[in-house]
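Notes below, in the order I looked things up.

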Amino acid sequence: MSTHTQSPTANVRTAIVVEAPIERAFRVFTEEFDRVKPREHNMLGVDIAESVFEPRTGGRVYDRGVDGSECQWGRVLAYEPPTRIVFTWEISPIWQLEPDPAKRSEVEVRFVEDAPERTRVELEHRHLDRHGDGWDGLRAGVAADEGWPLYLQRFAAALDDAA
């Protein structure tokens, strides 16, 4: 497993290489997103019972609380198994839900076959400047070790557990 992070302008890019076929990597990332997203990344007023990535274009990305409440923080813009997903990031620079669609960024995850049993997963969080004032702080947060790199590390661990 290797990770690499780069932060050019209003985009954050990070990648990881996992020992898994592309179809399995895609399936675990989308269908087992609850194992990818850290529980401590929580905007609900209660603990998270489950994080959900609805595997279809138009699907929601949300957290469900232990009390049944929901916090939708993304919408699936593209769902192209087993190579690509794109979803909105509807969280503001002050880590609250962003109601204005013009102030939302996008996350694209590409799955690239390196070998039959090896997949490179490339994540790009782009258009962060759409968030307006404070967007550079948001960029720093998602680029930090506790941001997207942590999601990819948790993803790799989920693949290892499922092997």
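For burial, I call a residue buried when its relative accessible area is under 20%, and exposed when that area is over 50%. I'm working from a predicted model here.

I searched the whole structure and got 14 aromatic pairs. One of them is Trp89 with Trp148, edge-to-face, at 5.6 Å centre to centre and 65° between the planes. Trp89 belongs to strand S6 (residues 84-89) and Trp148 to helix H4 (residues 148-162), so this pair ties together parts 59 residues apart in sequence. I checked burial for both: Trp89 is buried, and Trp148 is too.

Salt bridges next. My count came to 20. I looked up Arg126 and found a bridge to Glu108, with the closest N and O atoms 2.3 Å apart. Because Arg126 lies in strand S8 and Glu108 in strand S7, the pair ties together parts 18 residues apart in sequence. Arg126 is buried at 13% relative accessible area, and Glu108 is buried at 7%. Arg126 also meets Glu124 in a salt bridge, 3.6 Å from N to O; Glu124 is buried as well.

Glu80 is partly exposed at 35% relative accessibility, whereas Arg84 counts as buried at 18%. I noted that a network of salt bridges links these residues, including Glu80, Arg84, Glu108, Glu124 and Arg126.

Last, the surface. I found a negative patch formed by Glu23, Glu113, Asp114 and Glu117. Glu117 is in the loop between strands S7 (105-115) and S8 (118-126), and counts as exposed at 51% relative accessibility.

Definitions and conventions:
Residues are numbered from 1 along each chain as its sequence is written. This is a predicted model: local features need pLDDT of at least 70, side-chain atom pairs count only at pLDDT 80 or more; totals for chains, interfaces and linings use all residues. Side-chain values use heavy atoms; hydrogens and water are left out. Patches are made of residues with over 30% relative accessible area and no salt bridge: like charges are joined within 9 Å, nonpolar side chains (Val, Leu, Ile, Met, Phe, Trp, Tyr) within 5 Å. Accessible areas come from the Shrake-Rupley method with a 1.4 Å probe; for residues, only the protein chains shown count as cover. A salt bridge is a side-chain nitrogen of Lys or Arg within 4 Å of a carboxyl oxygen of Asp or Glu. Lys and Arg count as positive and Asp and Glu as negative; His and the chain ends are not counted. The place of a charge is taken as NZ of Lys, CZ of Arg, CG of Asp or CD of Glu. Helices (H or I, at least four residues) and strands (E, at least two) are DSSP runs, numbered from the N terminus. Buried means under 20% relative accessible area, exposed over 50%, partly exposed in between (1.4 Å probe, protein chains only). Rings of Phe, Tyr and Trp (its six-membered ring) pair if their centres lie within 6.5 Å; planes under 30 degrees apart count as stacked, over 60 as edge-to-face and the rest as tilted.
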